[in-house]
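Trainee: I would like to learn how to read the features of a protein model, one at a time. Could we go through an example together?

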Amino acid sequence: RVFAQQRLPDYMAPSLFALLDKLPQTANGKVDRVALRAMAKRLERVDERVGPRDLLESQLARIWEELLHVEPSVRDNFFELGGHSLLVVPLLARVEQVTGKRLNVSAVFTAPTIESLASILRRGVDRSSHTTLIPIQPLGSLTPAFFVHPAGGSVASYFALARALGSERPFYALEGTLAGNSSRQIELVARNYLDAIRAVRPDGPYLLGGWSSGGVVAFEMARQLQARGADVPLVVLLDSGPPGIVDAEDSVSLLAGFAGNLGIPIDLVSAELLRSGTETQLQWLLDQAHRSQALPPDLSLDDLRRQFELYLADVEAVRNYHPPAGSFPVLLLRAADEDEFPEMIERWTRLSSNKLEVQNVPGDHVTMLRAPHTAKLAEVLRERLAPVERNDL
């Protein structure tokens, strides 16, 4: 894309790209332009909206919104959205303020999309400076929400939810890392995450939540807070299975769960792939994630391998966690398209000392956090959190 933009006028630079083994042909052996046009239409539907996939893309998207007053896709061109040369300097100033990285003016012209600019910035990212607490949406006067990552450590699934909840609800996410956590005990992980939270919010109340295994960690965080006398008005479980129970027992289930966290349908996995080694499987997952735009294009196999290691450690930690009950309110939001799991509700009811509320929300375990279902999920949360705000005031 950048190569084409450097060598062609803007109106000639392609906006969509597809890698083909060969061009489609008619029965006469000529290029089938009808088939190519149909392919372009399919690509347009896929490429129409690509939301932020990591913190950096989320930060750049917010800057785009502030300057251009639009909700951008990471593939949208800054200048095509209304940006112009006079906005380039304030754009770069805000990028430096948020990321600490100074870019030349030329960077915006050679990399005018969020995706391409993030790729340039990532090359200078210092992994040792990784922070656990991610301020996805730090603005607003309402009680902040702190949501824990699912197995694997990524918090990209929360970007759409934070946006849907609105600009008045600060939303922080806790991102996982294997650094300093060779043994992923839920109690220890929860304690470390609470230290990170109290650095920005020393006193409660504390709204906690998490998707999948993240809900289990949030539950333990609430237990530890309550033991210290802190106010925990609500813990939100986004389709979280109870501790001590893990569906993923074999390698196939583990691969399926990890693929689901990346947004890759497991029905794409072949039997031959499932019989192959871990490296082959991870390479396939990386290729699929890039094709589906579920991950940034410059994420490497090493990055994905580290994420998979954390996923396995998190799954094992949930399996080995057997907590006593807490006495704080718990809201379980079940994915309506998933099979009924009575034992899930029964166990969470016991663990929450009968203070469990259960609501179904649209979608399955993965799509409940994606458009168009995110809007309904945010609506349910806003309605449930309204009494919490009134009590807080």
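Trainee: Leaving aside its neighbours within four places in sequence, which residues is Leu-208 in contact with?

Mentor: Keep in mind from the start that this is a predicted model. Once the neighbours within four places in sequence are left aside, Leu-208 is in contact with Phe-146, Ile-197, Ala-218, Met-221, Ala-222, Leu-225, Leu-234, Val-235 and Val-236.

Trainee: How should I read a sheet, and what is the order of the strands here?

Mentor: In general, the strands of a sheet pair through backbone hydrogen bonds, and they do so either parallel or antiparallel. Here an open sheet of seven strands has the order 1-3-2-4-5-6-7, and its pairing is mixed. Strand 1 (133-137) and strand 7 (356-361) stand at the edges, and because each has a single partner strand, one side of each is left without a neighbour in the sheet. Averaged over the sheet and with direction ignored, neighbouring strands are turned by 25 degrees against each other. For a parallel case, look at strand 2 and strand 3, which are joined by four bridges, and where Val-148 has Leu-174 in strand 3 as its bridge partner.

Trainee: Which strands does helix 9 touch where it packs on the sheet?

Mentor: Helix 9 touches strand 2, strand 3, strand 4 (207-211) and strand 5, and its direction makes about 155 degrees with that of strand 4. Helix 14 packs on the sheet as well, touching strand 5, strand 6 and strand 7, with a direction at about 170 degrees to that of strand 6.

Trainee: How are two packed helices described, and at what angle do helix 8 and helix 9 pack?

Mentor: Two packed helices are described by the angle between their axes and the distance between those axes. Helix 8 and helix 9 pack at about 70 degrees, with their axes 9 Å apart. Angles of 65 to 115 degrees count as roughly perpendicular, and therefore helix 8 is described as roughly perpendicular to helix 9. Among the residues that make the contact are Ile-186, Tyr-193 and Ile-197 of helix 8, together with Val-217, Met-221 and Leu-225 of helix 9.

Trainee: What describes a pair of aromatic rings?

Mentor: Such a pair is described by the distance of the centres and the angle of the planes. The count for this model comes to 11 aromatic pairs. One of them is formed by Phe-78 and Phe-79, which are edge-to-face, at 5.3 Å centre to centre and with 85 degrees between the planes.

Trainee: Why is the pair of Phe-146 and Tyr-172 stacked?

Mentor: Planes under 30 degrees apart count as stacked, and the planes of Phe-146 and Tyr-172 stand at 20 degrees, with the ring centres 5.2 Å apart, so this pair is stacked. The pair links distant parts of the chain, since Phe-146 lies in strand 2 (residues 145-148) and Tyr-172 in strand 3 (residues 171-174), 26 residues apart. Both Phe-146 and Tyr-172 are buried.

Methods. Residues numbered from 1 in each chain as written. Predicted model: local features only at pLDDT ≥ 70, side-chain atom pairs only at ≥ 80, totals over all residues. Heavy atoms only, no water. Phe/Tyr/Trp six-rings, centres within 6.5 Å; stacked < 30°, edge-to-face > 60°. Buried < 20%, exposed > 50% of the residue type's maximum accessible area, 1.4 Å probe, protein only. Contact = heavy atoms within 4.5 Å. Pairing = 2+ DSSP bridges. Axes fitted to C-alpha atoms, helices over the stretch in contact; angles between N-to-C directions. Parallel < 35°, antiparallel > 145°, perpendicular 65-115°, else oblique.
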